[in-house]
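Hello,

Here is the structure I promised to pass on to you. Have a look at it first, and then read on for what turned up in it.

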Amino acid sequence: MGLVSDFFEWFGSLGLFFWHVLKAAVTPPYEWRELIRQLDEVGSKSLPLVAMAGAAIGAVLSMEARSSLSRFGAKAMLPSAIVYSVVLEMGPIITGLVVSGRVGAGIGAELASMKVTEQIDAIEASAINPYRLLAATRILACILMLPLLTLVADATGVFAGWLTQTIVEPVSLRQFINTGFAGATFNSFVPPTFKTAVFGLIVGLIACFQGMRTRGGAEGVGRAATNSVVLSSLFVILADVVLVKFILVFFP
Amino acid sequence: MIFNAIVRETNMATASDISMKQDQLELDGSVPVLSVSNLCKSFGGRKVLNGVTLSVKRGETLAVLGRSGTGKSVLLRIIIGLEKPDSGEVCIHGQDIASLSMDQLGEFRKKMGFLFQHAALYDSLTVGENVAFPLDHHRRSMARSEKAERVRQLLAEVGLQRDTDKMPSDISGGMQKRAGLARALALEPAILLLDEPTAGLDPISSGEIDDLVLKLQREHHMASIVVTHDLHSAKTIANRLAILDKGNVVIEGTFEDLQESNIEFVREFLSHA
């Protein structure tokens with residue numbers, strides 16, 4: 001019974017937190033300087049990690065798909081299989097999970113540490129809305145940066161897929177891309193890339209929420225960081241199921 | 001339409017007159033700048049404050065003493081709006097702020113400076129940036145050079161002019177408190193709230209903080225509330241002292257009034273302090 005009420009209490013508090021952030025985000029004064037700092041923190045600093053994760057996924061997909069497709073005599077489909085797998089699903093979800101690990105933990109720990117050392121109270125006591133300064137800027141940075149990072153993961157994934165393929169059986173990059181993207185339309189690639197804005201909302205919102213509600217010293221900070229990563233990763237995966245269905249229905 | 005405009009004008013004029021009158025009364029010390037009345041606050045069924053009533057006038061310092069857990073810090077957190085009281089009033093410049101939302105509270109918070117028990121400096125900013133923080137957010141039109149000059153003045157006032165570029169982790173506890181005090185003074189507040197300003201400091205650093213608070217009081221004529229365990233410090237910096245016990249004010253007056261009191265708790269408190 002306690003677990004059920006805790007579950008509803010958590011969701012209720014999260015909803016209320018989101019409402020405070022939304023109200024603060026749409027009313028002036030706007031914290032542009034902090035937003036730019038967070039865009040750099042979430043975007044530029046996640047770039048190498050996301051690029052490497054995308055490349056690794058592209059290479060693995062290429063190796064795995066090659067043996068499977070060869071078995072069915074469909075080796076010519078390899079570029080399409082790699083491009084579609086990376087762009088439709090692997091790129092977005094890997095980016096969501098990598099960012100939830102790096103940024104989620106960072107935001108959760110930073111805000112939790114500020115909370116337990118009364119820095120968030122000090123911000124509030126200085127007549128500055130912490131939802132606007134700390135949460136809205138971080139969440140917005142995650143929403144804006146996730147689709148861009150996804151494009152990077154997609155690009156390195158496709159490139160690594162081609163590289164792995166061309167080592168075994170040389171093919172030009174232009175031919176690989178032309179074949180891979182043959183028949184692709186706007187609806188094939190744009191919605192899956194922009195669904196990661198929702199992942200950004202989830203990662204930013206949960207990390208800020210867990211950080212700003214922390215209680216109790218160093219243990220609380222550790223717990224907030226762990227919970228931020230675990231919960232945001234879990235909700236990114238769950239949201240992906242819903243979003244894929246949504247895209248299939250509305251962007252067939 | 002015209003009638004509404006006239007009524008609005010009249011109301012604005014009346015509000016402005018009242019505000020001017022209030023300012024004048026606060027200036028000559030006839031009415032308090034800050035008052036709390038019948039303040040009650042419970043946490044998980046435990047009553048921490050049970051009808052606290054206090055007030056401070058311009059240029060006056062009130063020290064609030066009491067045992068640990070008697071709600072002294074909670075009282076300050078309610079005044080600044082970090083906690084909502086269960087009941088009671090908190091009046092700043094004659095207006096009750098206890099039920100205001102975060103955004104409505106903003107204007108009143110700008111008139112209050114708060115020194116946290118552990119200074120609560122922003123650990124990712126330098127000492128100078130910490131002091132500039134309220135100015136960056138509330139004096140957006142202020143020129144950069146003017147802001148830098150104001151920060152320099154504030155840090156000089158607390159004796160940290162040579163530590164502007166140091167990180168909070170690189171300075172001592174006493175210096176952190178002084179930097180916190182400079183930050184609290186950045187917006188030239190009318191009310192200063194100090195939570196345990198000498199806690200955790202050696203006697204020399206405590207004395208320095210006391211001297212600093214006295215100097216600032218002389219120069220800025222703020223209404224101050226100091227929450228402390230340190231009776232010596234309270235005696236030095238405060239005009240009046242109040243002792244809290246079981247969520248209520250047991251006695252309020254000068255140090256001499258407290259010494260002459262026959263209340264058992266007060267005598268016991270003074271003898272152990």
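**What was found**

Chain B holds ten helices and ten strands. Please keep in mind as you read that this is a predicted model. Of the 273 residues in chain B, 40% count as buried. If you take the contacts in chain B between residues at least 6 apart in sequence, 66% of them join residues at least 24 apart.

**The sheet in chain B**

Now to strand 3 (residues 61-66) of chain B. Which strands does strand 3 of chain B pair with? One is strand 8 (residues 223-227) of chain B, in the parallel sense and over four bridges; here Ala63(B) has Val226(B) as its bridge partner. Another is strand 9 (residues 240-245) of chain B, which runs parallel to strand 3 of chain B and is joined to it by five bridges. In that pairing, the bridge partner of Gly66(B) is Leu244(B).

Is strand 3 of chain B enclosed or open? Six of its six residues are buried, so strand 3 of chain B is largely enclosed by the rest of the structure. In a regular strand, side chains alternate between the two faces of the sheet. Both faces of strand 3 of chain B are covered, with Thr61(B), Ala63(B) and Leu65(B) buried on one side and Leu62(B), Val64(B) and Gly66(B) buried on the other.

**A hairpin in chain B**

Strand 1 (residues 34-43) of chain B and strand 2 (residues 46-56) of chain B pair in the antiparallel sense, with eight bridges. Leu34(B) has Val56(B) of strand 2 of chain B as its bridge partner. Two residues lie between the strands of this hairpin, and Gly44(B) takes a positive phi near 55°.

**Two helices in chain A**

Over in chain A, a pair of helices is worth a look. Two packed helices are described by the angle between their axes and the distance between the axes. For helix 6 (residues 130-168) and helix 9 (residues 196-212) of chain A, the axes come within 7 Å and cross at roughly 150°. Angles over 145 degrees count as roughly antiparallel, and helix 6 and helix 9 of chain A are therefore roughly antiparallel to each other. The crossing of helix 6 of chain A with helix 9 of chain A is right-handed.

Residues of helix 6 of chain A in this contact include Leu134(A), Ile139(A) and Leu146(A), and those of helix 9 of chain A include Phe199(A), Val203(A) and Leu205(A). Sorted by class, the contact between these two helices has 15 nonpolar, four polar and one charged residues.

**Where the chains meet**

Finally, the contact between the chains takes eleven residues from chain A and 16 residues from chain B. On the side of chain A that touches chain B there are four nonpolar, four polar and three charged residues.

Enjoy exploring it!

Best wishes

Terms used
Residues are numbered from 1 along each chain as its sequence is written. Chains are lettered from A and ligands numbered from 1 in the order in which they are written. This is a predicted model: local features need pLDDT of at least 70, side-chain atom pairs count only at pLDDT 80 or more; totals for chains, interfaces and linings use all residues. Axes are lines fitted to C-alpha atoms, for helices over the stretch in contact, and angles run from 0 to 180 degrees between N-to-C directions. Angles under 35 degrees count as roughly parallel, over 145 as roughly antiparallel, 65 to 115 as roughly perpendicular and the rest as oblique. A crossing is left-handed if the near helix is turned anticlockwise from the far one by less than a right angle, and right-handed if clockwise. Two residues are in contact if their C-beta atoms, placed from the backbone, lie within 7 Å. Ala, Val, Leu, Ile, Met, Phe, Trp, Tyr, Cys and Pro count as nonpolar, Asp, Glu, Lys and Arg as charged, and the others, Gly among them, as polar. A residue is buried if 20 or more other C-beta atoms lie within 10 Å of its own, exposed if 12 or fewer, and partly exposed in between; C-beta atoms are placed from the backbone. Two strands pair if DSSP finds at least two bridges between them.
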